[in-house]
Amino acid sequence: MAANEPGQPAVNPIDTSAFTHNHPAPARALAVGAHPDDIEFGCGATLAKWAAAGCVVHYAVLTDGSKGTWDVNADTSQLVAARQSEQREAARRIGATGSVTFLGAVDGELENTHALRDQLSRLIRIVQPDVVLGHDPWKRYRLHPDHRAAGFLLTDSIVAARDPHFFRQHFNLTDLQTGQPLTHHRPSALFLWEADAPNHVEDATAMIDTKLHALEAHASQFESTMKATDESALDAFRQRLRARAATLGSPHGYGAAEVFHLMRDL
Ligand SMILES: [Zn+2]
């Protein structure tokens, strides 16, 4: 192998033997994103695959998405409403048949607070997901504060949902479907996207078109996030996303992939 150019960092090849592949579709999954569109970027193809296999997919979006525009004169209450309906449509395109919950924290100001842990752990106890998916809070060199806060909010809320002495007031609530009181709940796996240390790969080849179709439901984000101000720029976005998925899949023999840090034994 040729030496690296001076000043170029060494490129470590991926140790593909350290990865697990293609988790069986769970009965129930809950994806938790900081903003409308984060869930589709992070795990859209995986959710679509599981939904097609019969998994009930639930969404939770932590912030209102009110900073998602470069228009200084934008009416942000209209933007919040538009982003909620875009998120519902994106979930529909993924094939999600569960709930879509908006926790309504102010975009850009998300914090891992007691009040939000109360809400999110209650949602976990209501939905009783087998698998939870969210932002990796341990991702290095991450700038966006909401993504970091969303990660820790989720990991802390899993502990609170799991342990019976956290938020005991939840047990006074009744599950609307079963009529039984809520109980504590331990998911069996946590998938972290944007993973600092990926150790799990999902073959996304059959679902990359569905992922793109769902992302394109977020029309208010074409300018700021997708850099897609016209049809040719939108096409370039599609190509970038396909290329990224192909790069992630190629070491594992897949045409397209999503990778995660998978935690079990929660
Ligand atoms: Zn985001």
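**View 1. Packing of helix H2 against helix H5 in the predicted model.** Helix H2, which spans residues 76–94, packs with H5 at an angle of about 165 degrees, and the axes of these two helices lie 8 Å apart. Angles over 145 degrees count as roughly antiparallel, and H2 is therefore roughly antiparallel to H5. The two helices, H2 and H5, cross in a right-handed sense. On the H2 side the contact is made by Ala90, Arg93 and Ile94, and on the H5 side by Thr210, His213 and Ala214. Sorted by class, the residues of this contact between H2 and H5 comprise three nonpolar, two polar and one charged. The model shown here and in the views that follow is a predicted one.

**View 2. Packing of helix H1 against helix H5.** Helix H1 (residues 38–52) and helix H5 (residues 208–215) pack at an angle of about 130 degrees, with 8 Å between their axes. H1 and H5 are therefore oblique to each other, and the crossing in which H1 passes H5 is right-handed. From H1, the residues Glu40, Phe41, Gly44, Ala45 and Ala48 meet Thr210, Lys211, Ala214 and Leu215 of H5. This contact of H1 with H5 contains five nonpolar, two polar and two charged residues.

**View 3. The largest pocket.** The largest pocket has a volume of about 1200 Å³, and among the 41 residues that line this pocket, those closest to its centre are Phe41, Gly42, Trp193, Glu194 and Arg244. The elements that contribute two or more residues to the lining are H1, H5, helix H6 (231–249) and strand E8 (257–263), and H6 gives the most, with six residues. By class, the lining of the largest pocket divides into 17 nonpolar, ten polar and 14 charged residues.

View 4. Of the 17 residues in its lining, Ile126, Val127, Gln128, Asp175 and Gln177 are the closest to the centre of the pocket. Helix H3, which covers residues 114–127, provides the largest share of the lining of the second largest pocket, namely three residues. The residues of this lining are divided by class into six nonpolar, eight polar and three charged.

How values were computed: Residues are numbered from 1 along each chain as its sequence is written. This is a predicted model: local features need pLDDT of at least 70, side-chain atom pairs count only at pLDDT 80 or more; totals for chains, interfaces and linings use all residues. Side-chain values use heavy atoms; hydrogens and water are left out. Axes are lines fitted to C-alpha atoms, for helices over the stretch in contact, and angles run from 0 to 180 degrees between N-to-C directions. Helices (H or I, at least four residues) and strands (E, at least two) are DSSP runs, numbered from the N terminus. Angles under 35 degrees count as roughly parallel, over 145 as roughly antiparallel, 65 to 115 as roughly perpendicular and the rest as oblique. A crossing is left-handed if the near helix is turned anticlockwise from the far one by less than a right angle, and right-handed if clockwise. Contact means heavy atoms within 4.5 Å. Ala, Val, Leu, Ile, Met, Phe, Trp, Tyr, Cys and Pro count as nonpolar, Asp, Glu, Lys and Arg as charged, and the others, Gly among them, as polar. On a 1 Å grid over the protein atoms alone, a cavity is a set of points where a 1.4 Å probe fits but cannot get out, and a pocket is an open set with protein on both sides within 12 Å along at least five of seven lines; lining residues have an atom within 4 Å of a point. Grid points are joined across faces, edges and corners, and a volume is the space filled by probe spheres set on the points.
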